[in-house]
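Subject: Structure for you to look at

Hello,

Here is the structure I said I would pass on. Below it are my notes on what I found.

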Amino acid sequence: MIPLSGRTSGIYNIIYDVGMRRRSALFAPASNPALVLKALASAADEVIIDLEDAVALDAKEVARAAVVDILTTQQVRPRGQVAVRVNAAGTAWHEADLRAIAALSKPPGSIVLPKVEGPEDVVACFDLLEDAGASNGAARDIRAQVLIESARGVAHVREIAGSSGRLMSLAIGYADLAADLGTRSDIAAAAWLPVQVSVLVAARAHGLLALDGPHLAIADLAGLRERAAFLAQLGFDGKWAIHPSHLEPVHAAFTPSDAEVEQARVVLDALDAAASVGAGAVALDGMMVDEAVAAAARRTLSRAGEKA
């Protein structure tokens with residue numbers, strides 16, 4: 001196949017460095033180990049063990065100990081398929097969360113940083129991880145996923161995306177963002193488009209994944225399907241989920257059809273043939289196909305779980 005260009009290689013490197021897609025990321029509260037184990041056994045592409053919003057204030061330390069126990073003693077997924085959402089910077093639990101994770105012999109593949117408002121939040125997190133895990137080589141491989149959920153976070157999203165080479169993804173937290181903006185909870189989904197585009201552009205500019213926040217209406221599977229399909233068409237890579245019933249609709253939205261996968265292979269094969277005779281573009285089914293079309297084809301194969 002034609003090599004990936006410098007403009008489009010970042011996202012593919014991230015996906016295959018961790019060995020998986022991110023169509024879905026299923027949340028599980030750390031304070032309920034039974035639910036965590038159930039999530040780890042699910043079909044989710046990634047499981048995010050939550051120490052933040054899903055844990056009551058008086059259960060933070062117990063929840064943290066449960067995470068350490070699960071990641072230390074249980075036969076869990078490969079590290080790239082497990083993340084831990086820590087408490088936000090400035091809270092009483094943030095540093096202890098990071099130190100506990102950095103001390104693990106087999107830490108999760110990434111941490112989720114909530115309420116990030118500027119690049120300094122990301123830098124400070126990695127500085128703390130480096131200090132806490134100075135004697136633990138595994139801690140140096142921990143990546144971070146950033147949650148954008150405030151006006152300041154949206155305003156500085158491009159700087160945040162470029163703040164560290166260890167970032168993996170950007171995601172949108174609608175509930176906190178709506179509260180910060182003063183936006184009504186029943187606003188039309190289309191009203192979030194400017195924020196979604198801002199996050200998507202920042203992610204792509206820095207080779208990161210772009211993930212949509214969860215659909216909070218658990219029983220509204222029709223609404224979930226519609227929203228997920230739109231975000232997939234917009235260019236997002238996946239969506240967070242708060243209930244196992246959301247996995248099938250999310251996977252359906254973010255997985256290319258067999259026809260789309262076959263067409264992507266045809267495009268790349270045609271360009272391979274053109275490149276063998278020194279051509280950079282080729283006519284295919286009456287349309288001109290070039291490197292820009294090839295980039296889209298590679299993305300399709302990536303989302304289907306194939307290497308281009």
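Contact here means heavy atoms within 4.5 Å. Please keep in mind that this is a predicted model.

Overall build

The chain holds 13 helices and ten strands. Its C-alpha trace spans about 65 × 50 × 35 Å along the principal axes. A compact globule of 308 residues would have a radius of gyration near 19 Å, and the chain agrees with that at 20 Å. Of the 308 residues, 49% are buried. Among contacts between residues at least 6 apart in sequence, 73% join residues at least 24 apart. The accessible surface is about 13,600 Å², and carbon and sulfur atoms account for 57% of that.

Interior

In soluble globular proteins, nonpolar side chains tend to be buried together. Here the largest nonpolar core has 62 residues, and Val84 is one of those with the most contacts inside it, along with Ile49, Ile111, Leu129, Val146 and Leu170. Which residues does valine 84 touch, leaving aside its neighbours within four places in sequence? Valine 84 is in contact with Ile49, Leu51, Val67, Leu71, Ile101, Pro108, Ser110, Ile111 and Val112. Another core, of eleven residues, lies apart from the largest one and includes Val261, Leu268, Leu271 and Val289.

Helix α11 (residues 247-254) also has buried residues: Leu247, Pro249, Val250, His251 and Phe254. Among the elements that cover them are β1 (24-29), α10, β8 (238-241) and α13 (291-303).

Surface

A nonpolar patch on the surface is formed by Leu193, Val197, Val201 and Phe230, with about 270 Å² of accessible area together. Helix α9 (residues 193-205) gives the most to this patch, with three residues. Valine 197 lies in that helix and is partly exposed, because its relative accessible area is 33%. Glutamate 226, in helix α10 (residues 221-234), counts as exposed because its relative accessibility is 61%.

Salt bridges

Side chains of opposite charge can pair when their charged atoms come close. The count in this model comes to 20 salt bridges.

- Glutamate 46 and arginine 22 meet at 3.0 Å, N to O. Glutamate 46 is in strand β2 (residues 46-50) and arginine 22 in the loop between α1 (9-17) and β1, so the pair ties together parts 24 residues apart in sequence. Both glutamate 46 and arginine 22 are buried.
- Lysine 239 pairs with aspartate 212, with the closest N and O atoms 2.5 Å apart. Lysine 239 is in strand β8 and aspartate 212 in strand β7 (residues 209-212), so this pair joins parts 27 residues apart in sequence. Lysine 239 counts as buried, at 0% relative accessibility, and aspartate 212 is also buried, at 0%.
- Arginine 225 and glutamate 248 meet at 2.8 Å, N to O. This pair links helix α10 to helix α11, 23 residues apart. Arginine 225 is partly exposed, with a relative accessible area of 38%, and glutamate 248 is partly exposed at 47%.

There is also one network, in which salt bridges that share partners join Asp50, Glu52, Asp53, Arg85, Lys115, Glu149 and Asp176.

Lysine 115 has another point to note: its phi is near 55 degrees, a positive value in a residue other than glycine. Lysine 115 is found in the loop between β4 (110-113) and α5 (119-132) and is partly exposed, at 32% relative accessibility.

Regards

Notes. Residues numbered from 1 in each chain as written. Predicted model: local features only at pLDDT ≥ 70, side-chain atom pairs only at ≥ 80, totals over all residues. Heavy atoms only, no water. Core = buried A, V, L, I, M, F, W, Y, C linked by side-chain atoms within 4.5 Å. Buried < 20%, exposed > 50% of the residue type's maximum accessible area, 1.4 Å probe, protein only. Patch = residues over 30% accessible without salt bridge, like charges linked within 9 Å, V, L, I, M, F, W, Y side chains within 5 Å. Areas by Shrake-Rupley, 256 points an atom, 1.4 Å probe, with all protein chains shown as cover. Salt bridge = Lys/Arg side-chain N within 4 Å of Asp/Glu carboxyl O. Helix = DSSP H or I, 4+ residues; strand = E, 2+ residues; numbered from the N terminus. Rg over C-alpha atoms; globule rule 2.2 N^0.38 Å.
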